[in-house]
Amino acid sequence: MAQVELIMPKMGESIMEATILKWVKQVGDEVEIDDTVLEIATDKVDSEVPSPVAGKLVAIHFKEDEVVSIGTVIALIESEAGAAVAASPSVAASTPVAESAPTPAAAPPPSPVPVAMPAVAKSTPAVDDDRFYSPLVRAMANEEGVTVAELQTIEGSGKNGRVTKKDMLKYLRSRAALALKGHPAPTANGNAPTAGNAASAAVPAAGRSNGAATEIIEMDRMRRMIADHMVMSKQTSPHVTSFVEVDVTNIFDWRQRVKNDFLSQHGEKITFTPIFIEAVARAIVDFPMINVSVDGTNIIKKRDINIGMAAALPSGNLIVPVIKQADQLNLLGLTRAVNDLASRARANKLKPEEIQGGTFTLTNVGTFGNVMGTPIINQPQVAILAVGAIRKKPAVVETAYGDLIAIRQMMFMSLSYDHRVVDGALGGSFLRRVGDYLEAFDPQRSL
């Protein structure tokens with residue numbers, strides 16, 4: 001039998017690692033093609049890794065909660081399906097597999113290929129050779145200011161006494177509770193700290209308050225990843241933001257008039273978002289240098305117009321599903337794509353490929369009653385558009401009989417862009433073009 005490698009799949013352009021959440025199959029279990037072998041998580045989405053072949057799981061190289069680099073072999077499946085080591089289908093495009101040379105009929109069957117354990121997933125001992133800590137545990141210790149001496153006192157509930165994420169959270173809760181009361185943090189056994197760590201244990205982690213009226217809330221995994229991504233974006237791109245005010249009265253009135261007919265005719269609710277995306281896609285066609293990314297001193301111009309739309313999750317976090325080739329869809333197609341992605345985003349049912357490949361992002365701060373915002377660029381893109389709340393305002397309207405003051409539905413739009421490659425002329429012209437398309441919306445448009 002051949003041994004087929006199961007590889008950590010690539011989950012997005014800027015995602016280089018993923019955390020193993022749970023092994024659904026264990027060593028010795030039989031698996032069928034597309035059976036879920038394990039569950040993994042990145043900064044934006046939890047996903048399942050399927051088996052590329054039918055066979056038996058014979059080796060697992062990483063524990064739950066360990067962080068593993070993309071493209072790393074994480075398990076072996078013994079199968080009769082092929083005689084060569086195969087990559088997981090989800091990474092086949094980015095991980096080429098060499099073709100096997102023809103084998104003479106009398107040649108013996110190929111030997112299993114040995115797998116080298118990558119450095120990223122090996123847990124290195126903190127002090128002595130008998131105590132290992134996973135990358136996740138070491139990262140938590142670093143973030144919370146847990147010293148090496150403190151780590152050694154924590155009783156691990158994992159295999160061979162290893163400290164798990166659950167053990168760390170339990171210890172941090174007890175340490176925080178005692179710190180709020182002014183007592184030194186205990187060891188995991190509940191005893192007073194040893195002389196070697198008493199000083200550090202008695203002091204709460206940096207940034208924590210020891211006031212009685214405060215509450216310490218740990219960021220969840222997605223929030224930590226979003227925070228890192230936002231900081232990275234600000235450090236990478238010099239942000240500039242331009243603003244325009246747009247008269248969207250025609251759009252507002254048209255939607256009010258047709259929304260019931262649209263629902264009955266097409267089975268979809270029509271919102272403002274697909275109309276905004278339609279205008280953005282048209283403007284990108286006019287200004288293609290907005291649809292780029294930066295690689296060192298090279299500008300990578302994207303042919304596809306893939307527009308991400310920021311969606312709020314019930315947890316309060318944000319996720320950005322992507323509408324691929326948005327310029328090729330009509331308003332009905334955009335409406336269906338927007339509604340489908342938004343509903344599955346809220347239900348945490350997005351597929352990894354549905355949050356990848358975006359070339360431009362739209363975010364609607366008006367959903368929260370905000371009139372404008374200064375959004376942070378979603379790397380590796382170079383621009384992001386925010387649309388504000390639509391509000392009735394008095395505005396000057398040009399007519400054949402002269403200028404009049406009328407009540408109009410007005411909306412602010414703001415474009416943040418990467419000033420390394422998008423100058424004010426390009427950014428401002430693109431933003432104005434989006435506004436022009438919205439103001440030129442045909443109020444007699446058919447369904």
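**Exercise 1.** In this predicted model, identify which residues of H7 meet which residues of H9, then describe how the two helices cross.

*Solution.* 
Step 1. On the H7 side, the residues are Ile275, Phe276, Ala279, Val280, Arg282, Ala283, Ile284 and Asp286. Their partners in H9 are Phe430, Arg433, Val434, Tyr437 and Leu438.
Step 2. The axes of H7 and H9 (residues 424–439) come within 9 Å and cross at roughly 130°. H7 is therefore oblique to H9.
Step 3. The crossing of H7 past H9 is right-handed.

**Exercise 2.** Describe the span and the two ends of H8 (residues 331–346).

*Solution.* 
Step 1. H8 has 16 residues, and its first and last C-alpha atoms are 23 Å apart. This is close to the 22 Å expected at 1.5 Å a residue.
Step 2. Just after H8, Asn348 has a positive phi of about 55°.

**Exercise 3.** List the buried residues of H8 and find what covers them.

*Solution.* 
Step 1. Buried in H8 are Leu331, Leu332, Gly333, Leu334, Thr335, Ala337, Val338, Leu341, Ala342, Arg344 and Ala345.
Step 2. Their cover includes helices H6 (249–266) and H7 (273–286). It also includes strands S12 (307–309), S13 (311–312), S14 (318–319) and S15 (322–323).

**Exercise 4.** Summarise the chain in terms of secondary structure and burial.

*Solution.* 
Step 1. The chain has 9 helices and 19 strands.
Step 2. Of its 447 residues, 43% are buried.

Definitions and conventions. Residues numbered from 1 in each chain as written. Predicted model: local features only at pLDDT ≥ 70, side-chain atom pairs only at ≥ 80, totals over all residues. Heavy atoms only, no water. Helix = DSSP H or I, 4+ residues; strand = E, 2+ residues; numbered from the N terminus. Expected span 1.5 Å × (residues − 1). Buried < 20%, exposed > 50% of the residue type's maximum accessible area, 1.4 Å probe, protein only. Contact = heavy atoms within 4.5 Å. Axes fitted to C-alpha atoms, helices over the stretch in contact; angles between N-to-C directions. Parallel < 35°, antiparallel > 145°, perpendicular 65-115°, else oblique. Left-handed = near helix turned anticlockwise from the far one by under 90°.
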